[in-house]
Amino acid sequence: MNHEDPVLPHTEGRVRHLTLNRPRALNALNHAMVRLLAEALDAAEHDDAVVAVLLTGAGERGLCAGGDIRAVRDDALAGGSASLDFWRDEYLLNARIARFPKPYVALMDGIVMGGGVGVSAHGSVRIVTERSRIAMPETGIGFVPDVGGTYLLSAAPGELGTHLALTGEPVGAADALLCGLADHFVPAEGLAALVAALADCTTPEDVDATVERHARPAPGGVLADHRGWIDSCYAADTVEEIVDRLAGHEDPAAKQAAATILAKAPTSLKVTLESVRRARRLGSLEAVLDQEYRVSTAAFAGPDLVEGVRAQIVDKDRDPHWNPAELSQVTDADVARHFTALGDRELGLAPLPEAG
């Protein structure tokens with residue numbers, strides 16, 4: 001094993017450890033890492049000596065900050081298509097994780113965003129700590145939640161998922177548990193003991209029991225107290241009406257949510273709302289990932305992703321110039337084109353619905 005490799009596999013007891021190993025980039029995913037993870041899961045599934053997989057991130061800052069969006073921007077500017085190939089394999093990996101037949105334990109410690117959610121929150125045993133900050137922040141860079149994120153958020157109670165999808169706001173441990181993005185809280189200081197105990201597991205049932213023994217009640221969150229205005233405001237049919245309801249609400253947190261949303265890319269906001277609503281109806285993760293691939297392909301060809309990454313990551317001036325610049329300028333046709341079937345370029349995880 002080369003310690004410079006972007007994914008470091010090793011085995012402790014009967015648990016196969018997979019460590020994302022780009023700590024200086026906060027373990028941001030690239031295509032090589034996705035391929036390595038897929039290969040590692042194939043090997044672990046067919047190795048009778050492996051009872052579970054454990055995903056962790058190198059460094060102290062977090063599991064994974066998402067995909068390498070600077071590389072995506074460079075690819076778009078060059079007129080390339082490498083990002084579409086990356087997303088194809090990434091989304092296939094997300095589906096693979098969700099259907100993995102052995103316990104897939106993800107330590108969602110620290111920052112877990114975008115693609116980091118994709119490689120963790122579809123797992124069967126998802127652990128958060130008091131340091132966890134989990135988000136799908138894509139609307140802030142002119143993109144749309146992907147990696148199965150719209151599937152996860154559409155299944156959150158009430159309109160919590162819509163709130164998180166549009167604002168891109170991060171949540172801590174208790175709110176991640178409430179939204180169904182995680183299963184257990186373990187204090188950060190207890191992670192080493194948990195990992196050591198997992199090495200003694202010999203069955204899947206042992207894994208579950210070990211995690212249960214180390215789990216603790218999570219410190220209080222904030223979203224449960226905001227369910228009233230979140231559920232009423234985000235039930236509106238359009239982003240414009242959602243913003244109006246939030247801005248007109250007496251709770252300062254609702255007004256702040258309105259301001260947060262209005263700073264995001266207008267096209268991304270409208271496509272995101274439609275994506276989450278459609279995901280609820282689609283039902284399966286595979287069908288939602290197919291939809292997300294269509295949406296990502298369209299967003300890649302648009303102007304806002306390049307501009308959003310420039311403003312947030314490259315120049316860091318935090319002053320994106322979205323096109324269109326206003327919600328009112330985003331037409332129904334602009335939204336609809338993101339959901340157009342791709343023909344022979346479909347991701348193809350689920351059967352296409354029959355015409356009519």
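**Buried loop residues, cores and pockets**

Asn27 is buried, with a relative accessible area of 0%. This value, like those that follow, comes from a predicted model. Asn27 sits in the loop between strand 2 (15–20) and helix 1 (31–45). Its phi is near 60°, a positive value in a residue other than glycine. Val147 also has a positive phi, near 50°, and is likewise not a glycine. Val147 belongs to the loop between strand 8 and helix 5. At 1% relative accessibility, Val147 counts as buried. A further backbone feature is found at Asn323 and Pro324, which are joined by a cis peptide bond with omega about 0°. Pro324 falls in the loop between helix 15 and helix 16 (332–336).

Arg310 is part of helix 15. Its relative accessible area is 13%. The cut-off for a buried residue is under 20%, so Arg310 counts as buried. Beyond its neighbours within four places in sequence, Arg310 is in contact with Arg73, Asp315, Lys316, Asp317, Asp319, Pro320 and His321. Arg310 and Arg35 are separated by 275 residues in sequence and by 27 Å in space, C-alpha to C-alpha. Lys270 lies in helix 13 (residues 266–282). Lys270 is buried as well, at 15% relative accessibility. With neighbours within four places in sequence set aside, Lys270 contacts Val239, Glu240, Leu327, Val330 and Val335.

The largest nonpolar core holds 78 residues. Within this core, Leu20, Trp87, Tyr234 and Leu246 touch the most other members. Helix 3 supplies the largest share of the core, 7 residues. A second, separate core has 16 residues, including Leu107, Val125, Leu191 and Leu194. Leu246, from the largest core, touches Trp229, Cys233, Tyr234, Ala254, Lys255, Ala257, Ala258 and Ile261, when residues up to four places away in sequence are not counted.

Val125, a member of the second core, also belongs to strand 7 (residues 125–128). Val125 and Ile127 point one way from this strand, and Arg126 and Val128 point the other way. All four are buried. Strand 7 pairs in the parallel sense with strand 5 (residues 104–108), over 4 bridges. Met108 has Val128 of strand 7 as its bridge partner. Strand 7 also runs parallel to strand 9 (residues 184–185), with 2 bridges between them. Here the bridge partner of Val128 is Phe185 in strand 9.

The largest pocket has a volume of about 870 Å³. It is lined by 36 residues, and those closest to its centre are Ala65, Gly67, Ile69, Pro137 and Ile313. Helix 2 (69–77), helix 3 (82–98), strand 6 (111–113) and helix 15 (304–314) are the elements that give two or more residues to this lining. By class, the lining of the largest pocket comprises 16 nonpolar, 8 polar and 12 charged residues.

The second largest pocket contains about 360 Å³ of space. Its lining is made of 25 residues. Pro170, Val171, Asp175, Val222 and Leu223 lie nearest the centre of this pocket. At least two lining residues come from each of helix 6 (160–167), helix 7 (173–178), helix 10 (227–233) and helix 12 (252–262). Helix 12 provides the largest share, 4 residues. The lining of the second largest pocket divides into 13 nonpolar, 8 polar and 4 charged residues.

The count of cavities of 30 Å³ or more comes to 1. The largest cavity has a volume of about 80 Å³. It is lined by Val117, Ile134, Ala135, Met136, Gly149, Leu152, Leu153, Leu164, Glu169, Val171 and Leu181. Strand 8 (133–135) and helix 5 (149–154) are the elements that give two or more residues to the cavity lining. The largest share, 3 residues, comes from helix 5. In this lining, 9 residues are nonpolar, 1 is polar and 1 is charged.

Definitions and conventions. Residues are numbered from 1 along each chain as its sequence is written. This is a predicted model: local features need pLDDT of at least 70, side-chain atom pairs count only at pLDDT 80 or more; totals for chains, interfaces and linings use all residues. Side-chain values use heavy atoms; hydrogens and water are left out. On a 1 Å grid over the protein atoms alone, a cavity is a set of points where a 1.4 Å probe fits but cannot get out, and a pocket is an open set with protein on both sides within 12 Å along at least five of seven lines; lining residues have an atom within 4 Å of a point. Grid points are joined across faces, edges and corners, and a volume is the space filled by probe spheres set on the points. Ala, Val, Leu, Ile, Met, Phe, Trp, Tyr, Cys and Pro count as nonpolar, Asp, Glu, Lys and Arg as charged, and the others, Gly among them, as polar. Buried means under 20% relative accessible area, exposed over 50%, partly exposed in between (1.4 Å probe, protein chains only). Contact means heavy atoms within 4.5 Å. A nonpolar core is a set of buried Ala, Val, Leu, Ile, Met, Phe, Trp, Tyr and Cys residues joined through side-chain atoms within 4.5 Å. Two strands pair if DSSP finds at least two bridges between them.
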